[in-house]
Amino acid sequence: MAIAKPSRVGQIPKNFRRVIVAASVGNVIEWYDFYIFGSLAAVLSVKFFDPSHRVAALLSTVALFTAGFLIRPLGAFLFGWMGDRIGRKYTFLVTLSGMGLGTGAIGLIPSFESIGLSAAFILFGLRMIQGLCLGGEYGGAITYVAEHVSDERRGYYTGWLQTSPTLGIVVSLAVIIATRTYFGNQVFEAWGWRIPFLLSFLLVAIAIYIRLQLQETPIFEEIKAKGLMTKNPWKEAFLSANIKFVLIASIVVIGEGVVWYSSQFWALYFLQQVTKVDPLTSAYIVGGGLLIGTPTLILFGWLSDHIGRKPVILGGFLLAAVTYYPLYAWLGTVSQPNNVNYPVAIIIVAILVSYVGMVYGPIGAFLAEYFPGRIRYTSVSVPYHIGNGWGGGLVPFITSAAFAATGSLGAALIYPIAVPAVCFVLALFLMPETRKISIWEPATGRSAA
């Protein structure tokens with residue numbers, strides 16, 4: 001049954017909570033698609049690269065994982081134009097479909113043993129498809145949700161959507177745990193690793209069905225009805241005074257992106273590659289910490305509705321920069337092979353995830369409020385994926401390479417500590433407060449000064 005359009009153009013629909021749930025479910029599945037690659041990096045490294053050089057194979061796989069991030073701004077650039085010209089709904093249907101096909105096909109690639117380096121090249125191509133499609137996904141999802149809810153509770157409701165990347169990791173870990181446990185390590189290493197990828201075909205089909213029930217956003221319909229649609233989103237977003245706001249937003253999102261990946265995704269790499277605990281143990285620890293910490297995304301989104309986006313996000317930057325080293329050192333102490341203190345390790349990961357809640361929970365509301373509706377999809381997508389794709393996406397590769405070269409936790413954490421610290425100082429002076437800005441005002445006006 002299709003979700004009804006609002007009875008009046010520009011009116012908040014009564015069933016907007018259902019819209020949020022539907023958008024979030026699709027987003028969780030799309031992030032599952034993207035992160036299943038990283039969750040299985042250790043396995044993929046010996047399947048698609050020369051297994052006789054395991055460290056080089058792992059770093060090559062992490063580099064491919066990183067490449068998917070680096071291309072995300074291009075996807076944001078392309079699909080942002082489509083979202084502002086054609087509509088929010090149809091654009092993120094296209095990105096969801098491309099993501100599902102790109103992920104599922106990884107489960108069909110012959111191994112290095114069968115076709116040599118061709119396997120790595122095919123994997124690279126599919127990873128590029130993933131990155132391009134994800135580059136258009138977030139701007140669509142956050143714009144779609146933000147343009148359905150009230151100004152007073154935008155942080156809270158977009159905070160629910162912000163849980164989707166974290167829950168995507170949880171789903172990927174749950175599928176890996178279930179598959180590995182059911183088939184056993186030997187079968188999983190041989191061919192069972194393909195199942196989480198192939199499952200993507202089914203999950204994305206479900207998500208596409210859900211999203212087909214959605215209608216276009218009231219704000220976009222209003223812009224379209226009044227003939228206020230932009231003719232050239234790229235020109236208005238990047239070749240006008242708006243570029244200043246894009247650059248400021250990029251600084252904020254770079255800090256957020258580094259905290260996001262340093263706090264939860266590198267925790268998985270740290271356990272597997274630094275402390276050398278087995279894959280199931282690391283999955284249990286990170287999965288438990290994510291489940292405990294994920295509600296903080298909603299909590300801090302809600303808090304930003306009351307005290308502002310800026311103090312919450314900057315607080316997360318500061319805490320991350322100051323406490324990463326002691327927290328990771330502590331995590332290493334309590335998660336030694338054959339001597340794992342599960343409760344403490346899980347709590348440490350949950351603390352790290354709470355920093356994600358502080359920086360990521362309010363960021364969707366901030367970005368939606370910072371840019372005008374006629375170029376919102378483009379203007380939100382590009383800085384988001386510069387920050388998360390380039391800033392945050394480099395975290396797994398830089399930290400893993402630094403630790404492999406030096407064996408030092410301090411060296412591995414230089415990047416995760418320095419970037420939030422620098423972004424804290426810059427954002428303190430450059431970032432505006434957007435909490436009281438209404439995106440339901442006339443579409444031609446600027447959303448932030």
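**A buried charge and its surroundings**

Analyst: Let's start with Glu-369, which counts as buried because its relative accessibility is 0%. Keep in mind that this is a predicted model.

User: Which side chain does Glu-369 meet in a salt bridge?
Analyst: The side chain of Arg-154, at 3.3 Å from N to O. Arg-154 also counts as buried, since its relative accessibility is 0%.

User: Where do Glu-369 and Arg-154 lie?
Analyst: Glu-369 lies in helix 18 (residues 363–370) and Arg-154 in helix 8, so the pair ties together parts that are 215 residues apart in sequence.

User: And which residues are linked with them in a network of salt bridges?
Analyst: The network links Asp-151, Arg-154, Asp-305, Arg-309 and Glu-369. Within that group, the side chains of Arg-309 and Asp-305 meet at 2.8 Å, N to O. Arg-309 and Asp-305 are both buried.

User: How many salt bridges are there by this rule?
Analyst: The count comes to 10. Another one joins the side chains of Arg-376 and Glu-147, with an N to O distance of 2.7 Å. Arg-376 sits in helix 19 (residues 376–392) and Glu-147 in the loop between helix 7 (118–146) and helix 8, so this pair ties together parts that are 229 residues apart in sequence.

User: Are Arg-376 and Glu-147 buried or exposed?
Analyst: Arg-376 is buried, and Glu-147 is buried too.

User: Helix 8 keeps coming up. What else can you tell me about it?
Analyst: Have a look at Leu-161, which is found in helix 8 (residues 154–183). Leu-161 counts as buried, because its relative accessibility is 0%.

User: What does Leu-161 touch?
Analyst: Leaving out residues up to four places away in sequence, Leu-161 touches Ala-23, Ser-24, Asn-27, Ala-141, Ile-142 and Val-145.

User: OK, switching to the greasy parts. Which residues touch the most other members of the largest nonpolar core?
Analyst: Those are Tyr-35, Trp-266, Tyr-328, Tyr-360, Ile-363 and Leu-367, in a core of 115 residues. Helix 13 (residues 242–274) gives the largest share of this core, 17 residues.

User: Tell me about Trp-266. What does it touch?
Analyst: If we skip residues up to four places away in sequence, the contacts of Trp-266 are Tyr-261, Val-274, Tyr-328, Val-395, Pro-396, Thr-399, Ser-400, Leu-409, Ala-412 and Leu-413.

User: Let's zoom out. How many helices and strands does the chain have?
Analyst: The secondary structure comes to 22 helices and two strands.

User: What about overall dimensions? What does the C-alpha trace span?
Analyst: Along its principal axes it spans about 65 × 45 × 35 Å. The radius of gyration is 21 Å, which agrees with the value near 22 Å that a compact globule of 449 residues would have.

User: What share of the residues counts as buried?
Analyst: 61% of the 449 residues do. The chain exposes about 16200 Å², and carbon and sulfur atoms supply 70% of that area.

User: Last one: what share of the contacts joins residues at least 24 apart?
Analyst: 86%, taken among contacts between residues at least 6 apart in sequence.

Key:
Residues are numbered from 1 along each chain as its sequence is written. This is a predicted model: local features need pLDDT of at least 70, side-chain atom pairs count only at pLDDT 80 or more; totals for chains, interfaces and linings use all residues. Side-chain values use heavy atoms; hydrogens and water are left out. A nonpolar core is a set of buried Ala, Val, Leu, Ile, Met, Phe, Trp, Tyr and Cys residues joined through side-chain atoms within 4.5 Å. Buried means under 20% relative accessible area, exposed over 50%, partly exposed in between (1.4 Å probe, protein chains only). Helices (H or I, at least four residues) and strands (E, at least two) are DSSP runs, numbered from the N terminus. Contact means heavy atoms within 4.5 Å. The radius of gyration is taken over C-alpha atoms; the globule rule is 2.2 Å times the number of residues to the power 0.38. Accessible areas come from the Shrake-Rupley method with a 1.4 Å probe; for residues, only the protein chains shown count as cover. A salt bridge is a side-chain nitrogen of Lys or Arg within 4 Å of a carboxyl oxygen of Asp or Glu.
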